[in-house]
Amino acid sequence: QVQLVESGGGLVQPGGSLRLSCAASGTIFRVATMGWYRQAPGKQRELVATITTGGSTNYAVSVKGRFTISRDNAKNTVYLQMNSLKPEDTAVYYCNAQVYSLGAPVLSDYWGHGAQVTVSS
């Protein structure tokens, strides 16, 4: 089994910053692409940013230039630094990881339980 545990959400004023972390643990052989998605009330889950093992990144247009995704491969951990936050960034942020588990040559998708980010004055 593989678990993803997020931390770092909370309440912040517009223009402020937050940093999310997500650590993968369990029966892991190798973690491939990791990423962050978000879901606002009444809306579908959407991609925020992804990062490959080699460090190649992809961002949603709405967050490009404000958010930075990074990872520590040795710790199987992905981070999301969020700056210049706007009220429209308010959502539950979900960590995602594509993982090869020990003894299983199949790439499987795993999700964290989500971290609430609220941007409000």
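Mentor: Here is a walk around the aromatic pair and the charges over rings. Keep in mind that this is a predicted model, where local features need pLDDT of at least 70, side-chain atom pairs count only at pLDDT 80 or more, and totals for chains, interfaces and linings use all residues. Residues are numbered from 1 along each chain as its sequence is written, and side-chain values use heavy atoms, with hydrogens and water left out.

The structure has 1 aromatic pair (rings of Phe, Tyr and Trp, the last by its six-membered ring, with centres within 6.5 Å; planes under 30 degrees apart are stacked, over 60 edge-to-face, the rest tilted). Y37 belongs to strand β4 (residues 28-39) and W111 to strand β10 (residues 107-111), so the pair ties together parts 74 residues apart in sequence. Strands here are DSSP runs of E, at least two residues, numbered from the N terminus.

Stay with W111 for a moment: W111 is partly exposed, at 35% relative accessible area (buried is under 20%, exposed over 50%, partly exposed in between, using a 1.4 Å probe and protein chains only). The charged end of R45 also sits over the W111 ring, 4.7 Å from its centre. For that label, NZ of Lys or CZ of Arg must be within 6 Å of the ring centre and within 35 degrees of the ring normal. Another such case is R19, whose charged end sits over the ring of Y79, 4.2 Å from the centre.

Notes. Helices (H or I, at least four residues) and strands (E, at least two) are DSSP runs, numbered from the N terminus.
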